[in-house]
Amino acid sequence: MLNKGYLGTWTAGLLVSAAVGMFAACSSDPAGGGVTPTNPADSGLPNDSGSSTDKDSGKGPDAGPSPEGGTPSAKTGFVTLIYYDTATAHSLFGSAGFSDQASANAPTCTKTTEGACVVEDCVKPAAVDAGPTPVEPTAGVIAITGGTIPAGLKLTPNAAGVYSPSSIPMSQAWLGATDITFTAAGAGVPAFTKMLKSPATLTLTSPHVTTWDSSTSRDITWSGTGLNSVVLTLSKSSTTNLVLATCTFAASALTGSVPAAALVKLKGSVFYEVAHEDSSAITPGGYDVKVLIRSFLREAASTNGLATGSITVN
């Protein structure tokens, strides 16, 4: 489900400013370590829930109506850890957010499934004065530990309930399939602990093509030992609309296909990103919380060494 993370200025810098800035409240991603994510549509950064195929776990004030017709929980949250590895630089970026407020400015979205891809088409509503910004609930200090993560990676909320993103350079790459533990001390949101497997850094091996033909499917391939999911995100935005396709593949398959039926809905200038990730939904105290860990694939032809950038879909 698309949420405020995708439609604001958390789909995190990952997914790029145009798509995100127009909606309610995403934040850009200063990845740290000299690597800056390029698009805020699904990176799992400061107001993003990660893959849109999961529950709306973005920062809840903009959780909005469910495309499936149900009413989403007003109590939502996310905790995200993103790993950037360009072979010459390594860094970690952590973010979190929680809310118990429904949104008056939620976008109207339709959702379709095309093969391995979920496509969400969202229209920005007319602005509504939601009044003063509420103090958000928090889960207290959240510590992220395990593997080769340097000591001290903690996410700490301020008096308004806002977590400051934390970025830490790493002297070495982490190992795939390592246990990474997220431990929240607890506050308005009860304490919780969740363990995920670190996704190894994979390499995108399909040719770097900047123009995709929507009349036929597009295959991507990668190399490396994948134990989780590889997620390709494609996003296109205007001042009033955001189209987001989230395609999820088994990492061990080393290949995935984007059907033409998905591409035809994205004609124009599109931002893409490919990441290896693991995630889990938990419900401490009735909050729908998504815990996400992701590692961008490397791509030699990319300007920043990561599988992110712009393409044109004809």
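Begin by selecting Glu277 and Arg294, whose side chains form a salt bridge with the closest N and O atoms 3.0 Å apart; a salt bridge here is a side-chain nitrogen of Lys or Arg within 4 Å of a carboxyl oxygen of Asp or Glu. The model is a predicted one, in which local features need pLDDT of at least 70 and side-chain atom pairs count only at pLDDT 80 or more, while totals for chains, interfaces and linings use all residues. Residues are numbered from 1 along each chain as its sequence is written, and side-chain values use heavy atoms, with hydrogens and water left out.

Glu277 belongs to strand β16 and Arg294 to strand β17, so that this pair, 17 residues apart, links distant parts of the chain; helices (H or I, at least four residues) and strands (E, at least two) are DSSP runs, numbered from the N terminus. Glu277 is buried at 5% relative accessibility, and Arg294 is buried at 0%, where buried means under 20% relative accessible area, exposed over 50%, and partly exposed in between (1.4 Å probe, protein chains only).

Next, select Arg298 and Asp85, where a salt bridge has an N to O distance of 2.9 Å. Arg298 sits in the loop between β17 and β18 (308-313) and Asp85 in strand β1, so the pair ties together parts that are 213 residues apart in sequence. Arg298 is partly exposed, at 27% relative accessibility, whereas Asp85 is buried, at 2%.

Move on to Glu114 and Lys265, a salt bridge in which the closest N and O atoms are 2.9 Å apart. Because Glu114 lies in strand β3 (residues 108-114) and Lys265 in the loop between α2 (260-263) and β16 (268-282), this pair ties together parts that are 151 residues apart in sequence. Glu114 is buried, with a relative accessible area of 18%, and Lys265 is partly exposed, at 29%. Across the whole structure, a search finds 5 salt bridges.

Finally, turn to the nonpolar cores, each a set of buried Ala, Val, Leu, Ile, Met, Phe, Trp, Tyr and Cys residues joined through side-chain atoms within 4.5 Å. Select Leu81, Phe98, Trp174 and Phe182, which have the most contacts inside the largest core, one of 27 residues. Strands that each supply at least two residues of this core include β1 (76-85), β2 (90-99) and β17 (288-296). A second, separate core of 26 residues can be found by selecting Val119, Leu204, Cys247 and Val274, which are among its members.
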